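Work through the exercises below with the sequence and the 3D structure at hand. Each task is followed by a worked solution.

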Amino acid sequence: MRLVLAEDHALLRAGMIQLLEANGFTILHAAVDAPSLDVALRDPAAQAAVVDVRLPPSQTDEGLRAAIAVREARPGFPVMVISQYVEHLYARELLASGEGAVGYLLKDRVSDVAEFVDGVRRVAAGGTVLDPEVVATIMARRREEPLDRLTPREREVLALMAEGRSNAAIAARLVVTDKAVAKHINSIFAKLDLGTAEDDHRRVRAVLTWLRA
Amino acid sequence: MTEPSRARLTGYAAAQLLLGVVALVLFVLTVTGAALMVVWVGGLLLAISLPLTRLVADAHRHMAAGVLGLEVPRPYRPVPRHPWHALVAVARDPMSYRDLAWTVWACTFGWVVALICVLELLAVVTWPLWWWTLRPKMRARSQIDLWFLATSRTEKLEQRVQVLTETRADVVDTAAAELRRLERDLHDGPQARLVALSMSLGLAEQRLSQEGWAEDPEGARRLVSDARSTTSAAISDLRSVVRGIHPPVLADRGLAGAVQALALDMAVPVTVTAELDGRPPAPVESALYFAVAECLANVGKHAHAESATIVLTHDGGRVRVRVVDDGVGGAHVDAGTGMLGVRRRLAAFDGTMSVSSPSGGPTEITLEVPCDLSSPRTTPSSGPG
């Protein structure tokens with residue numbers, strides 16, 4: 001898979017390139033600031049992007065803005081956003097377009113190489129991968145409709161879905177069978193009125209509903 | 001400001017004629033009350049005469065301000081609620097003595113000036129005199145009123161120096177305390193974790209340099225894995241230290257965006273309305289951000305609220321932030337160090353915090369800081385919290 005990488009810190013950039021290439025990705029462009037990222041994202045050969053939130057020249061949230069912009073120009077273009085800190089607000093903005101194929105992780109999650117690489121693959125495949133820290137702040141909220149229709153167990157399942165876990169991984173985490181997880185997920189889809197669309201799409205929609213509540 | 005008409009000036013003079021008599025009565029009451037302070041009747045007399053004197057003086061301040069086209073603020077020190085403390089505070093306020101001296105002027109020479117102004121109108125033949133000399137006479141009378149009743153430039157400067165000395169001491173204390181907290185956070189968090197990390201790596205190195213390590217690859221792997229989780233913990237500690245210094249979202253999005261981010265992290269729904277056409281200076285933004293964070297922390301901890309609202313506005317050269325919740329109320333500035341810290345931090349920018357929190361709610365906290373906004377910067381919009 002051909003990736004665009006944006007990371008201004010030379011050491012981290014070299015590390016990321018090494019890590020991603022060792023796991024079968026091709027780094028098409030390695031951008032160092034917002035203008036070079038804009039150019040790189042215009043390359044039609046790019047299949048996904050891994051972008052740091054804070055980039056030169058203003059060292060604020062250029063990477064996030066670029067990620068949102070590229071998804072306006074190329075709807076559904078997979079972007080994994082990484083940052084030294086995560087904000088619920090930014091997760092919401094990234095997902096505002098209503099499509100999946102978005103990841104938003106703390107930079108230090110990269111240290112768990114297998115999980116990070118898996119996350120990038122899931123995003124590239126159209127999934128949604130949110131950092132457990134964002135998920136935790138959302139879990140702490142007391143919100144009404146439509147989430148109060150979910151049982152505590154279903155909320156747990158939904159939180160793990162937001163982190164981008166597969167059914168098997170959710171089952172392992174909650175120590176239940178795959179079948180039980182599938183049942184919970186169907187019940188969540190039904191309670192959130194997500195109809196009978198394709199499963200992947202419904203997963204993204206369920207996470208979005210949860211994030212917006 | 002347009003000058004008041006002659007009719008209005010004559011009206012003022014008539015009012016001063018009446019109030020001059022009141023001033024005489026108040027002067028007598030006050031002096032008698034002070035003389036009788038040894039018996040309780042004196043205190044009672046003063047408790048009546050002093051507030052009334054202030055009322056009459058305020059009326060003259062208002063008239064003089066109108067005649068001269070000036071702004072004349074109320075120069076009194078704050079008065080506590082408790083009646084006895086209030087009496088003591090009023091007695092200690094230098095302005096009370098100037099009020100008293102002013103009553104003498106207002107019922108004697110000042111009264112005569114007002115009388116002449118009114119008589120010149122009533123005695124028909126003196127109309128030309130009234131027409132031409134009313135303004136200078138009323139201006140002179142107002143100048144002398146204000147000489148008694150308004151604080152002079154020097155006094156204002158003295159008061160300002162007093163305020164600045166106090167807030168500066170607070171700022172220095174707060175900054176020193178912040179640095180101590182920072183040092184402690186770094187020492188107990190990331191520093192300790194990095195020491196643990198280097199120990200894990202040292203052990204792994206030792207293990208790998210020993211003969212026959214290849215027979216126990218699992219042991220070496222475990223040490224490296226420990227080192228990795230210690231690194232994650234150190235990064236996480238550093239992140240919370242950084243948030244305490246200057247939250248990155250504040251740098252990215254300014255006050256409105258950062259408050260929105262705070263609101264999203266609350267357990268209860270918080271609606272944020274921001275009507276700011278730009279950004280306040282960075283230190284003000286930071287002070288207001290931490291103030292709002294403190295208010296929201298209290299909403300979460302004590303208010304038992306169902307929802308809260310935050311409104312950010314800027315008008316008349318002041319940024320105003322209102323935090324309202326529908327909780328149980330009963331919040332008090334002096335109740336916790338947090339709110340007191342907020343008040344001190346805002347005072348460094350001549351900002352204020354007022355709390356209205358009747359028992360049973362709702363609680364409304366208003367933060368105000370005088371400042372200008374810099375030019376706006378576009379930010380992506382986001383929905384309500």
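**Exercise 1: domains of chain A**

State the domains of chain A and describe how they touch.

Solution. Chain A is divided into domain 1 (2–131) and domain 2 (141–212), with bounds from an automatic or database domain assignment. The model is predicted: local features need pLDDT of at least 70 and side-chain atom pairs count only at pLDDT 80 or more, while totals for chains, interfaces and linings use all residues. Residues are numbered from 1 along each chain as its sequence is written, and chains are lettered from A and ligands numbered from 1 in the order in which they are written.

Next, the C-alpha centres of domain 1 and domain 2 of chain A are 25 Å apart. Contact (C-beta atoms, placed from the backbone, within 7 Å) involves 12 residues of domain 1 of chain A and 8 residues of domain 2 of chain A. On the domain 1 side, α4 (88–95), α5 (113–124) and β6 (128–130) of chain A each give two or more residues. Helices (H or I, at least four residues) and strands (E, at least two) are DSSP runs, numbered from the N terminus.

**Exercise 2: chain A against chain B**

How many residues does each chain give to the contact?

Solution. Chain A gives 17 residues and chain B gives 19 residues. On the chain A side, α4(A) supplies the largest share, 4 residues.

**Exercise 3: strands of chain B**

Which strands pair with β5 (residues 363–370) of chain B?

Solution. Pairing requires at least two bridges found by DSSP between two strands. Strand β3 (residues 318–325) of chain B runs antiparallel to β5(B), with 8 bridges; here B:V324 is the bridge partner of B:E364. Strand β4 (residues 352–356) of chain B is also antiparallel to β5(B), over 5 bridges, and B:S354 is partnered with B:T366.

Technical notes
Two residues are in contact if their C-beta atoms, placed from the backbone, lie within 7 Å.
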